Amino acid sequence: MKKEELRKVPEWYSGYIQAVPELSLMEVLAHSDNVYCKVLNDVTEEESTFSYEEGKWTIKDLILHLSDAERIFSYRALRIARGDSSTLTGYDHNYYVKEANANLRNKSDLMNEYLLIRKSTLGMFSTFDSNTLKLEGKVDENVFSPGMLGFVIAGHQLHHISIIKSRYLDKLRSK
């Protein structure tokens, strides 16, 4: 599936979809994973607890947020792919980050957890055929397909990696 095959994307998520390059879904998931590793492998343990502004998340918080969000988006894609017609609910990402205690964990442990989640995501999406990727389901008041959620996963990750580079690493490394 290519992103031009997607129906109208809910406004909140359109920026994520626009962030992904013109690749197939499986290619874009692999691409965003490579970008993630390239950027975060160079972040030290000390740097990973940095927050660019009072009240903003640390890099560790962002790493764990990416894991949590990918789990949730993948779960939604699975439910829709299996024909579940229930309206799925949203979640409060700020609450999840607050409760996760990411800063008490080791950066490499957080990254390894994420990489396992991505491996699972790739495995799941590889089993969806073109018809399955286009099935529709509701999350809150928005309509999604498994394919759209796959692009959201990749775009969400690229969005946050861009923020890590521009707001965190640029500030850290200019000191």
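Which helices each supply at least two residues of the lining of the largest cavity? The answer is H3 and H7. Keep both in view for this tour. The model on screen is predicted.

**Stop 1: the cavity**

Select Leu66, Ala69, Glu70, Phe73, Tyr114, Ile153, His156 and Gln157. These residues line the largest cavity. The space inside is about 30 Å³. A search of the whole structure finds one cavity of 30 Å³ or more. H3 gives the most to this lining, with four residues. By class, the lining has five nonpolar residues, two polar and one charged.

**Stop 2**

Arg118 sits in helix H5 and Glu70 in helix H3, so the pair links distant parts of the chain, 48 residues apart.

**Stop 2: an aromatic pair**

Phe73 is at 4% relative accessibility and counts as buried. Tyr13 is buried as well, with a relative accessible area of 11%.

Ring pairs link Tyr13, Tyr16, Phe73 and Phe144 into a cluster. The count for the structure comes to eight aromatic pairs.

**Stop 3: the largest pocket**

The pocket holds about 560 Å³ of space. Which elements give two or more residues to its lining? They are helix H1 (11-19), helix H3 (59-81), H4, S2 and helix H7 (146-173). Colour H7 to pick it out. H7 gives the most to this lining, with six residues. The lining divides into twelve nonpolar, nine polar and four charged residues.

**Stop 5**

How many salt bridges does a search of the whole structure find? It finds seven. Side chains of opposite charge can pair when their charged atoms come close.

Select Arg79 and Asp84. Their side chains meet in a salt bridge, 2.5 Å from N to O. Asp84 counts as partly exposed, at 26% relative accessibility.

Then go to Glu141 and Lys138. Here the N to O distance in the salt bridge is 3.8 Å. Glu141 is exposed, with a relative accessible area of 67%. Lys138 counts as partly exposed, at 34%. Finish this stop with Arg71, Arg105, Asp109 and Glu113. Salt bridges that share partners join these four into one network.

**Stop 6**

Most residues other than glycine have a negative phi. Two loop residues are worth a look here.

Select Asp140. Its place is the loop between strand S1 (137-139) and strand S2 (142-144). Asp140 has a positive phi of about 55°, although it is not a glycine. At a relative accessible area of 38%, Asp140 is partly exposed.

Now select Asn101. This residue is found in the loop between helix H4 (93-100) and helix H5 (107-126). Asn101 has a positive phi of about 55° and is not a glycine either. Asn101 counts as partly exposed, at 43% relative accessibility.

**Stop 4: two distances to draw**

Select Lys119, which lies in helix H5. Lys119 is exposed, with a relative accessible area of 63%.

Last, select Phe50, in the loop between helix H2 (25-40) and H3. Is Phe50 buried or exposed? Phe50 is buried, with a relative accessible area of 14%. Draw a line to Ile63. The two C-alpha atoms are separated by 12 Å, and the residues are 13 apart along the chain.

Definitions and conventions: Residues numbered from 1 in each chain as written. Predicted model: local features only at pLDDT ≥ 70, side-chain atom pairs only at ≥ 80, totals over all residues. Heavy atoms only, no water. Buried < 20%, exposed > 50% of the residue type's maximum accessible area, 1.4 Å probe, protein only. 1 Å grid on protein atoms, 1.4 Å probe; cavity = no way out; pocket = protein on both sides within 12 Å on 5 of 7 lines; lining within 4 Å. Points joined across faces, edges and corners; volume = space filled by probe spheres on them. Nonpolar A, V, L, I, M, F, W, Y, C, P; charged D, E, K, R; others polar. Phe/Tyr/Trp six-rings, centres within 6.5 Å; stacked < 30°, edge-to-face > 60°.
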